Amino acid sequence: GAVVSQHPSRVICKSGTSVKIECRSLDFQATTMFWYRQFPKQSLMLMATSNEGSKATYEQGVEKDKFLINHASLTLSTLTVTSAHPEDSSFYICSARVGGWTNEKLFFGSGTQLSVL
Amino acid sequence: QQPVQSPQAVILREGEDAVINCSSSKALYSVHWYRQKHGEAPVFLMILLKGGEQKCHEKISASFNEKKQQSSLYLTASQLSYSGTYFCGTEKVTGGTSYGKLTFGQGTILTVHP
């Protein structure tokens with residue numbers, strides 16, 4: 001089946017540093033990927049829609065300059081958390097859509113646990 | 001707007017049944033169901049696209065009532081492996097092409113004991 005690879009799985013960084021998270025579709029092309037954030041014991045909240053070859057679409061309340069998204073190829077989307085602060089600590093997860101009208105599925109990466117000290 | 005799941009938590013003994021509900025205030029294009037184990041990514045269970053559609057995944061089935069904007073997940077003869085947090089994710093009817101853009105419910109914690 002379709003596989004979405006996310007890397008790294010865990011990051012611990014100092015406040016003020018930038019962190020890049022990669023999301024790759026391994027055996028299919030994904031023109032659209034989605035980035036979610038999940039705080040402990042809470043639901044997944046959509047941050048942005050990553051579109052290959054064009055600008056990402058951000059959800060209301062998500063800072064574009066804080067969370068930089070680049071979708072440079074059909075198999076790779078990256079999320080960069082710039083100047084990370086402790087409140088950015090969270091579980092970040094990407095997903096990619098596979099299929100069309102009647103067989104659509106979403107596959108998730110394994111997630112990245114970000115801890116900002 | 002976030003769909004509402006009920007109940008928030010369920011505790012079962014192995015072999016018992018459970019139902020998890022997901023309600024939306026918006027007209028829906030589809031409903032997705034996922035199960036997430038602690039510290040892991042969500043795993044896709046099924047997607048329901050049509051009003052009244054029912055699907056099955058092993059002994060887990062789901063229905064989608066388009067008119068009521070509701071979906072229910074039925075877990076039959078639960079197994080220990082069913083434990084986890086179940087999320088419904090909904091896609092709104094937008095007339096556009098934002099397929100795959102899901103809004104998730106708050107989750108239902110299911111615990112199955114031996």
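Okay, thanks everyone. Before anything else, keep in mind that what we have here is a predicted model.

Let me start with the interface. Chain B puts 20 residues into the contact, and chain A also puts in 20 residues. How much area do chain B and chain A bury between them? That comes to about 1,700 Å², with 60% of it on carbon and sulfur atoms.

The rule finds 1 salt bridge across the interface of chain B and chain A. Which side chains meet in a salt bridge? Lys101(B) supplies the N and Glu59(A) the O, and the distance from N to O is 3.0 Å.

The one that gives the most is β4(B), with 4 residues. If you sort the residues on that side of chain B by type, you get 11 nonpolar, 6 polar and 3 charged.

Okay, on to the sheets, and chain A goes up now. There's an open sheet of 4 strands in chain A, in the order β1-β3-β8-β7, and the pairing is antiparallel. Which strands are at the edge? Those are β1 (4-7) and β7 (67-73) of chain A, and each pairs on one side only. From one strand to the next, the twist averages 15 degrees. If you zoom in on β7(A), you'll see 5 bridges joining it to β8 (residues 76-81) of chain A, with the two strands running antiparallel. One pair to click on is Ser73(A), whose bridge partner in β8(A) is Leu76(A).

Next, chain B. Here we have an open sheet of 5 strands, again antiparallel in its pairing, and the order is β1-β3-β8-β7-β6 of chain B. At the edges stand β1 (4-6) and β6 (54-57) of chain B; each has a single partner strand, so one side of each has no neighbour in the sheet. Neighbouring strands in this sheet are turned against each other by 15 degrees on average, ignoring direction.

The peptide bond from Ser6(B) to Pro7(B) is cis, and omega is near -5 degrees. Pro7(B) belongs to the loop between β1 and β2 (9-13) of chain B. Over in chain A, a cis peptide bond joins His7(A) and Pro8(A), with omega about 0 degrees. Where does Pro8(A) lie? You'll find Pro8(A) in the loop between β1 and β2 (10-13) of chain A.

Gln69(B), a residue other than glycine, has phi near 55 degrees. Gln69(B) is in the loop between β7 (60-65) and β8 (70-75) of chain B. Then there's Ala77(B), also a residue other than glycine, with a positive phi near 50 degrees. Ala77(B) is in the loop between β8 and β9 of chain B.

That's my tour, thanks.

Terms used: Residues are numbered from 1 along each chain as its sequence is written. Chains are lettered from A and ligands numbered from 1 in the order in which they are written. This is a predicted model: local features need pLDDT of at least 70, side-chain atom pairs count only at pLDDT 80 or more; totals for chains, interfaces and linings use all residues. Side-chain values use heavy atoms; hydrogens and water are left out. Contact means heavy atoms within 4.5 Å. Buried area is the accessible area (1.4 Å probe) that two parts lose on being put together, summed over both. A salt bridge is a side-chain nitrogen of Lys or Arg within 4 Å of a carboxyl oxygen of Asp or Glu. Ala, Val, Leu, Ile, Met, Phe, Trp, Tyr, Cys and Pro count as nonpolar, Asp, Glu, Lys and Arg as charged, and the others, Gly among them, as polar. Two strands pair if DSSP finds at least two bridges between them. Axes are lines fitted to C-alpha atoms, for helices over the stretch in contact, and angles run from 0 to 180 degrees between N-to-C directions.
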